[in-house]
Amino acid sequence: MAASDFENGRAGSSASTAAAALDFERFLARLLVVPVVEIARVQDAVPLARALLEGGLPCAEITFRTASAAQAIEAIATSVPEIRVGAGTVLDPSQAQAALDAGASFLVAPGFDPAVVEFALAHGVPLVPGVCTPTEVGMALARGLSLLKLFPAEAAGGVGYLKALAAPFGDVRFVPTGGIGPDNLAAYLAIRQVIACGGSWMVKKDLIAAGAFDTIRELAAQARTIADAARPAAT
Ligand code: 3PG
């Protein structure tokens, strides 16, 4: 589905929403690692995206933590179409709309915000809402969402907490994010219900600010190697 399909009225039927969600889940199951990016300068967006692509992580979640987010998404969607670009830290429907207008193909939120959830369902765009408790997992399931971001994963209790949280919800797929890096990535991916892990460790702000795109490419490749070893069936 092209970003343009999200425009008014052309997406959003329950069938197209489900198809887009399934397509995104299949993509995540191969990707295994979602780079979570904070872009301060728009001109860094394209070289950053190329570094991730060359490192084997063809995806960028551009967070709405900076004023450059929408422009960065647009730059990547236009210039590096080989990678899937989405929006992170989506806190309200106006940010979600700005993300779609810029060409984002998925949305990630830190929490379970009903207005953002209804926006995503109405527009047929895959959304990974944040959850941290069984009650929030239940709220997401009640709206038909079963691809959920456990946030903040490490601070909430890490692998042990995720296993306990996931146990009653067999059909839920988690994208744990927050405090994940090369040392604990494999432990999260060893959990059956983890479809992929999110993290910023390969795209730290200081690396982007320094233009250290070779290092970013190497860190992405390291993440690719760790993930593929942890989940050989996904490669
Ligand atoms: C997010 O916005 O998803 C998190 O801040 C990413 O967490 P990390 O920086 O600990 O990887």
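A residue is called buried if 20 or more other C-beta atoms lie within 10 Å of its own, exposed if 12 or fewer do, and partly exposed in between, with C-beta atoms placed from the backbone. This is a predicted model, in which local features need pLDDT of at least 70, side-chain atom pairs count only at pLDDT 80 or more, and totals for chains, interfaces and linings use all residues. Residues are numbered from 1 along each chain as its sequence is written.

**The whole protein**

Begin with the entire chain in view. Of its 235 residues, 46% count as buried. The C-alpha trace spans about 45 × 40 × 30 Å along its principal axes. The secondary structure comes to 11 helices and 9 strands; helices (H or I, at least four residues) and strands (E, at least two) are DSSP runs, numbered from the N terminus. The radius of gyration of the protein is 16 Å, close to the 18 Å that the globule rule gives for 235 residues, so the protein is as compact as a globular protein of that length. This radius is taken over C-alpha atoms, and the rule is 2.2 Å times the number of residues to the power 0.38.

**The sheet of three strands**

Next, select S6, S7 and S8, which form an open sheet in that order with parallel pairing. Strands S6 (130–131) and S8 (173–174) stand at the edges with a single partner strand each, so one side of each is left without a neighbour in the sheet. Two strands pair if DSSP finds at least two bridges between them.

Now select S7, residues 147–150, which pairs with S8 over 2 bridges; Leu147 stands opposite Arg173 in S8. S6 and S7 also pair over 2 bridges, and Gly130 stands opposite Lys149 in S7. Are the residues on the two faces of S7 buried or exposed? Leu147 and Lys149 on one side, and Leu148 and Leu150 on the other, are all buried.

**Two packed helices**

Move to helix H4 (residues 93–102) and helix H5 (residues 114–123), which pack at an angle of about 35° with their axes 9 Å apart. Axes are lines fitted to C-alpha atoms, for helices over the stretch in contact, and angles run from 0 to 180 degrees between N-to-C directions. Pro93, Ala96 and Leu100 in H4 meet Ala115, Val116, Phe119, Ala120 and His123 in H5; residues are in contact if their C-beta atoms, placed from the backbone, lie within 7 Å.

**The ligand**

Finally, select the ligand. Among the residues surrounding the ligand are Val36, Thr63, Ser200 and Trp201; a residue is near a molecule if its C-beta atom, placed from the backbone, lies within 6 Å of it.

Terms used:
Two residues are in contact if their C-beta atoms, placed from the backbone, lie within 7 Å.
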